[in-house]
Amino acid sequence: MFVDVIIPLAVEGFFTYSVPPRWQEVVREGSLVAVSFVGGKRYTGVVHRAREEAPAGIVVKPIDRVIEEGFALSATQLRFLLWMSDYYMACPGEVTRAALPVAMRVESRTCFTPGAPAPADEEIDEGERRVLQVMQPGKYLTVAEIEKLLGGRDPIPAIKTLLDRSLVTIKEEVDDLFKPKRERVVRWARPFSEEALHAWLDRLPPGQRALLGRWIDHVTRERLDSLPVASFRRLIGPSEAALKGLRDKGILQIVAEERSRVESGDTTARPLNVLSREQQRALEETRAWFNTRDAVLLHGVTSSGKTEVYMHLIRETLDRGRQALYLLPEIALTVQIVKRLRRHFGEHVGIYHSGMPDAARVETWRKQNGPDPFPVMLGARSALFLPYRDLGLVIVDEEHDPSYKQTAPAPRYHGRAAAVMLASFHGAKVLLGSATPSFESYRHATTGKYGLVRLLTRHGEVSMPRVVLADMADYRRRRLMDGIFTPPLRDEMARVLGAGEQVILFQNRRGYSSYLRCDRCGEIPRCKRCDVSLTYYKQQARLVCHYCGSIRPLPPACEACGEGNLVTRTPGTERVEEEVTRLFPGARVARLDMEAVSRGRSARSIIDRFEAGEIDVLVGTQMVSKGLDFERVKLVGVIDADALLSIPDFRVEERAYQLLVQVSGRSGRAGERGTVVIQAHDASNRIHEWIARGDYDAFYRVFAGERELFRYPPACRLIRVELRHAREETARRAANALADLLREELQQRLSGPAVPEVGRIRGEYRLHLLVKTDGIASLSRLKTFIKTSTAGLLSRPGFKSVRVIFDVDPH
Ligand code: ADP
Ligand code: ZN
């Protein structure tokens, strides 16, 4: 018996192994198997297919073992994985890497331990002896650990020869795939009758009697049968001698109990909120659409109660005995949703995202494959890869959010598109929800492919915020700017803060100034490895590249002319924070951006403090726009709307509109009407008018129309081919050669090579070719053609070290 295995690496195709008799009964498609690959490295692979015969002419190695059934992929999971590999032009192994938690695909943390003792006449050389000396029976060491114990000597040759003679044995890391978490607890050594306990209490010395008395009281009151050792010491008594006495007499014992790492909520489930009439209508329309459509777009303004509608649909799905998956673009920012779901679904809600400890991810995976899986799973896009027995509903919340797209590494998939596909494999329905739908989904919804349901009023008589547009160019001309603030924003802040309410300020740039410029020669400090200017961080007095992360101290003067001063330009969040403090010295200000979050303060704690009213003004990047629900925010200020519209990308207006409407949606979510002040230099841009009116349709018609005209998504699909090389000349020649190969067949559909916005990152030059799939009958044939042409190019002398990256539906 043989199996074709997917190795979790960026290698094309499948690899055939033989299956030793003892594993033949258990191996199946989807099984995880430990195998050795090139160079003896060990991997956890996924069985793609079982077969009777091996391909002729190759040496077939046996699999090492089959990994516990609790981790095997179902047929649907396997199908999903292979679909993703095909559609996104990624190797099956790359998708496997994305799908499995690290611990489930560990590579070569092979461990060794001494084997049989060497017979007296065995010849053991110096190297082997040293290795055997540092090893201890029963203790498994990795190569790296042995190497360290040997003071840096390479142990591999000796280990190999020792292995051949069974003087050392090997253990694959995969043995440790699932290490249950254990906790030491105190518990009854055996069951006791009441009389037996009384008898003991009479006979025990005073110290032990007192301790046992307290233990009995506690466990009876709390209805427990065990207590963690630490809690025992705290609650019952720290008396070691008395505890030892009770253990020696066989009354109590200390044992290690298995503990779950999987978080779950409490069991007290509160009923769902009663839906308003509008919400009820939306729910019924959604249900009706589901009779004839697999996907429905719920276009509901911010705070209309979309989440409430989702929860009712989840309830119905569970009542039918099926599972629901609730996807969010970024789990870190959605503590609030977790709380809301758990309030009703309690312990039935599982959570899964890449920011979780790996062991907890592995355990969740195992639980989903077990007898008692979570009926509701809340997660980021990686939750798509979990095992589901029977998904009935997939919710894609904030479906427009670009963070659903994985930009690197491969597979460069879109969580929304993948969710729709996964749902179809399960026969599940998909609900996409947003206040600012993606053009992709809106097009489907208006052309009849998806159902469309609207929810155009906020819940509970709350009005949409009043939007004020502040013309920065005009105020600047009239010298009325106060630092970075226009009078309307400054005055509104004063009013709202004076009333003890909260403000959110949005500026989509980190740091103090997005670049610096010499006031004499005009030089802009740039990154040495990337074609971008450096961002200035004032507090840390340094310049940072946002592409490669390299950091330089701030030079005292311009390095080009040696004399000029470096002056700040477009303000970032750090500067905004400083300006707020200058204008409102009494206000408590905090910042929510990648920098603040990476420097220890978690997004969650910042959000919690803002929610608790410990912060008056929250300054942030797009992180503040994401689905947060604060009751006391009465003003949202957009510092510089033009910055959002000056990015060279065909989605720029869509993205700007989404960000502006989403961030505005944080204002006045409860009670009195809120205000939004948008500062812009180009106040005449039509986009602001549509935002103020909340007229998504008018906005969509114009810009989707433009994209239709120029054949951009959603009117057709794009495939981007990126070529990278350390030498500009090589990158260019390779890109031209590939363009020639592709153009023969693709003609007008191919554009480029073109230099992307940032033409060099980490010292690598990049060039883009863009394929429009307009009018192409077979997408999969096109993809094969692109892949074969690329392989042809890379086999030519001189191009071997060129890297080529495919991105299907790029963002
Ligand atoms: P959306 O998801 O559309 O932004 P939410 O579901 O978050 O809207 O609703 C906004 C706020 O109004 C939330 O605090 C929510 O608890 C509350 N809310 C919405 N609908 C109801 C309802 N039917 N009953 C009680 N509270 C509701
Ligand atoms: Zn850089």
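**Helix packing and sheet order in a predicted model**

In this predicted model, helix H2 (residues 75–87) and helix H3 (residues 92–99) pack at an angle of about 125°, with their axes 9 Å apart. Helices (H or I, at least four residues) and strands (E, at least two) are DSSP runs numbered from the N terminus, while axes are lines fitted to C-alpha atoms, for helices over the stretch in contact, and angles run from 0 to 180 degrees between N-to-C directions. H2 and H3 are therefore oblique to each other, given that angles under 35 degrees count as roughly parallel, over 145 as roughly antiparallel, 65 to 115 as roughly perpendicular and the rest as oblique. The contact (heavy atoms within 4.5 Å) is made by Leu-81, Met-84 and Ser-85 on the side of H2 and by Pro-92, Val-95, Thr-96 and Ala-99 on the side of H3.

Residues are numbered from 1 along each chain as its sequence is written, and chains are lettered from A and ligands numbered from 1 in the order in which they are written. Because the model is predicted, local features need pLDDT of at least 70 and side-chain atom pairs count only at pLDDT 80 or more, whereas totals for chains, interfaces and linings use all residues; side-chain values use heavy atoms, with hydrogens and water left out.

An open sheet of 3 strands has the order E8-E7-E9, with antiparallel pairing, where two strands pair if DSSP finds at least two bridges between them. Strand E8 (141–142) and strand E9 (168–171) are the edge strands, each pairing on one side only. Strand E7 (residues 111–114) is joined to E9 by 4 bridges, and Phe-112 has Ile-170 of E9 as its bridge partner. Helix H6 (residues 156–164) packs on this sheet, touching E7 and E9, and its direction makes about 100° with that of E9.

A second open sheet contains 6 strands in the order E20-E30-E29-E21-E28-E27, and here the pairing is parallel. Strand E20 (466–471) and E27 stand at the edges with a single partner strand each, so one side of each is left without a neighbour in the sheet. From one strand to the next the twist averages 20°. E20 pairs with strand E30 (residues 675–680) over 6 bridges in the parallel sense, and Val-467 stands opposite Val-676 in E30. Helix H19 (residues 573–583) lies across E21, E27 and E28, running at about 170° to E27. Its buried residues (under 20% relative accessible area, against over 50% for exposed and in between for partly exposed, with a 1.4 Å probe and protein chains only) include Arg-575, Val-576 and Val-580.

Strand E18 (residues 429–434) is mostly covered, as 5 of its 6 residues are buried. E18 is joined in the parallel sense to strand E13 (residues 295–300) by 5 bridges, and strand E17 (residues 391–397) likewise pairs with E18 over 5 bridges in the parallel sense. Val-430 of E18 is the bridge partner of Ala-295, and Val-394 also stands opposite Val-430.

Helix H13 (residues 335–345) has 9 of its 11 residues buried, so it is largely enclosed by the rest of the structure. Among the buried residues of H13 are Ile-337, Arg-340, Leu-341 and Phe-345, and the elements against which the buried residues pack include helix H12 (306–319), E17 and helix H21 (603–611). Just after H13, Gly-346 takes a positive phi of about 50°.
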